[in-house]
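The briefing below is meant to be read beside the sequence and the coordinates.

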Amino acid sequence: MARVATAALAVLGAATLAACGSAPDSMPKVAAAPASCARLATISIAGTRLTLAEPVAAGSIALTGIQPGAPGSTAPVPAHCHVQGKIAERTGIDGKPYAIGFDLRLPVAWNGRFFFQGGGGTDGVLRDAIGVLTGGGNTSNALMQGYAVVFTDTGHLNEPGPNGPYQFGLDPQARADNGYNSMAQTARVAKQLIAAHYGQAPKRSYFVGCSNGGRQAMTMTQRDPEMFDGVIASAPAYRVPLASVQAVYDTQLYARAAAEQAPLADGRPVLAKAFSRSDMQLLTREVLNQCDALDGLKDGIVDNWPACRFNAAALRCKGAKTEACLGPAQVDALEKSFAGVKDAQGRVIYSDWTFDAGLHSAEWTRWKFGDAAQGPANARNLTLMTGGLAMFFTTPPTVTSDFWAYAMGFDPARDTAKVYATGGPFRESAMQMVAAESPDVDAYVRHGGKLLFFHGVSDPVFSVKDTVRYVDALRQRYGGRTDDIARLFTVPNMAHCSGGPATDQYDGLSALVKWVEQGEAPSRIVARARPENPDVRTPGRTRPLCAWPKQPRYNGSGSIEEAANFSCR
Ligand code: CA
């Protein structure tokens, strides 16, 4: 590939500076024809090798890493230039090849904006940069709306096998790349390629992600505050090493419940049997019984969840277990799990949780119990969270494929210190590299940046209360200015990122763009229940999501299925 960079990059630098000073009120589609896609392959960017630059016609593409034919396995795309590349190719201390891989899509009809699509889990998959929208699924995407979109594998590619996704945790640089470095490097390179392709830098830049993508969004506001103008952090994994300790603790508790409910298999409790489907439905019926009316309307939604003081003991069997009650180990597991895993001094290590009416959804139970009636338990708390804890979120890492044994042997009071530990080649602890918990976003605020949070109240992975805690920390630091910096919208009944008997369809991106570009802060966002969601008994229901700490309240007249009849109070 020809190296012609120096002069071109100097020009790009000037364009970037000029763009930072402008404040466009409207952004028409870029009129000038972009340079040809193939020409991008001749651009030279320091430390970067482009591996693909080819035009793609408008239509539909099959998405990487999703089973063909499964829902959401294809996405509509406009005509665009598809670019892939590798940044900082190197050999790790484990002798394996590493690079920060990225996928960049540049629409022919560009709206002048840059969209960074956040990742998930511990990443390691090079997904298609279509601009996945939180609250929108794959039916709509930012690429279709004219954004230039990038995605990164965060510096490693998953290997096969149960612990394949966590092998990168043995390499310190790969940890740092996943923690924070890959997003900054990818954004830097993407902005240069955008400027080269369109002849101008993006006028506004957005980072949108859920789960680990939400953590990445927060990371950018804390570590690279000039890079983005607005971010959406949904269900953010911003203290994921500690949430993983909670996940291990959950597995220990629910294993005891499983041993109470069903015979052992191969000497181990069958985790999938900890709670039957009817047990979980009983639980959420009791949550509604105790807390639905706290918001003044019995509608299957606990809008006033901060006031819900759920008493799980009300469900404890007086005698033998029936479908109308829960066993002692089941009740004990719920009480201890929702109170939050504690250290030796009795302090909560990660967060407490709130009982909500979406806990019976498959989206919740697949994290806690899984569905494996035989063979190794497949709860995501084991396959994902425990694997991550063993090989990535602790120092030194423990190489294992038996996540069950690791979870059972993990003593939170003793072993949580490992997420804060350094040693050997690991000069930063997992918390230093991965956590995004600093409320110091001074530079981001000076830059004019906005933070939009969404979090499902029935999220099984990251507690909505922990995201509230971060917003509280911002309020401590910024006082009355906080509403101009960050806003949180909680979504009752919604599981992790989406799903559950919830109104989980909403347009967060438009709300963010309006805030950043027109100064109109969102106070109310209308959300809709997906008709195809099997958990939803009221398809088409709409409800307002309210900027925290306000909650929706029924106005007293009109259909309770329509958002228009609710106010944020
Ligand atoms: Ca209610």
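Cys317 and Cys325 are both buried, where buried means under 20% relative accessible area, exposed means over 50%, and partly exposed lies in between, all with a 1.4 Å probe and protein chains only. This is a predicted model, in which local features need pLDDT of at least 70 and side-chain atom pairs count only at pLDDT 80 or more, while totals for chains, interfaces and linings use all residues. Residues are numbered from 1 along each chain as its sequence is written, and side-chain values use heavy atoms, with hydrogens and water left out.

**Disulfides**

- The structure holds five disulfides, a disulfide being a pair of cysteine sulfur atoms within 2.5 Å.
- With the bonded cysteines counted along the chain, the disulfides follow the pattern 1-2, 3-8, 4-5, 6-7, 9-10.
- Cys317 and Cys325 form one of these links, with their sulfur atoms 2.0 Å apart, and the torsion about their S-S bond is about 90°, so this disulfide is right-handed.
- Cys291 and Cys308 form another, their sulfur atoms also 2.0 Å apart, and with 75° about the S-S bond this link is right-handed.
- The pair links distant parts of the chain, with Cys291 in helix H6 (residues 277-291) and Cys308 in the loop between H6 and helix H7 (328-339), 17 residues apart; helices (H or I, at least four residues) and strands (E, at least two) are DSSP runs, numbered from the N terminus.
- Cys291 is buried at a relative accessible area of 2%, and Cys308 counts as buried at 8% relative accessibility.
- A further disulfide joins Cys210 to Cys497, with an S to S distance of 2.1 Å, and the torsion about the S-S bond is about -105°, so this one is left-handed.
- Cys210 lies in strand S10 and Cys497 in the loop between S13 and helix H15 (508-518), so the pair ties together parts that are 287 residues apart in sequence.
- Cys210 counts as buried at 14% relative accessibility, whereas Cys497 counts as partly exposed at 21%.

**The nine-stranded sheet**

- Nine strands form an open sheet with mixed pairing, in the order S1-S4-S5-S9-S6-S10-S11-S12-S13, where two strands pair if DSSP finds at least two bridges between them.
- Strand S1 (48-56) and strand S13 (486-491) stand at the edges with a single partner strand each, so one side of each is left without a neighbour in the sheet.
- Neighbouring strands of this sheet are turned by 15° against each other on average, direction ignored; axes are lines fitted to C-alpha atoms, for helices over the stretch in contact, and angles run from 0 to 180 degrees between N-to-C directions.
- Strand S10 (residues 204-210) pairs with strand S11 (residues 230-234) in the parallel sense over five bridges, and Phe207 stands opposite Val231 in S11.
- S11 in turn pairs with S12 in the parallel sense over five bridges, and the bridge partner of Val231 in S12 is Leu451.
- S12 and S13 pair in the parallel sense over six bridges, with Phe489 in S13 as the bridge partner of Phe454.
- S12 is mostly covered, seven of its seven residues being buried: Lys450, Leu452, Phe454 and Gly456 point one way from the strand, and Leu451, Phe453 and His455 point the other way.

**Helix H14 and residue Gln345**

- Helix H14 (residues 464-478) lies across S12 and S13, running at about 155° to S12, with contact meaning heavy atoms within 4.5 Å.
- Gln345 has its place in the loop between H7 and helix H8 (362-368), and this residue is exposed, with a relative accessible area of 57%.
- The C-alpha atoms of Gln345 and Ala413 are separated by 8.4 Å, although the two residues are 68 residues apart along the chain.

**Cavities**

- The structure holds three cavities of 30 Å³ or more, a cavity being a set of points on a 1 Å grid over the protein atoms alone where a 1.4 Å probe fits but cannot get out.
- The largest cavity has a volume of about 130 Å³, a volume being the space filled by probe spheres set on the grid points, which are joined across faces, edges and corners.
- This largest cavity is lined by 14 residues, of which Asp303, Thr490, Pro492, Pro544 and Pro552 lie nearest its centre; lining residues have an atom within 4 Å of a point.
- Strand S15 (residues 542-546) gives the largest share of that lining, four residues.

Key
1 Å grid on protein atoms, 1.4 Å probe; cavity = no way out; pocket = protein on both sides within 12 Å on 5 of 7 lines; lining within 4 Å.
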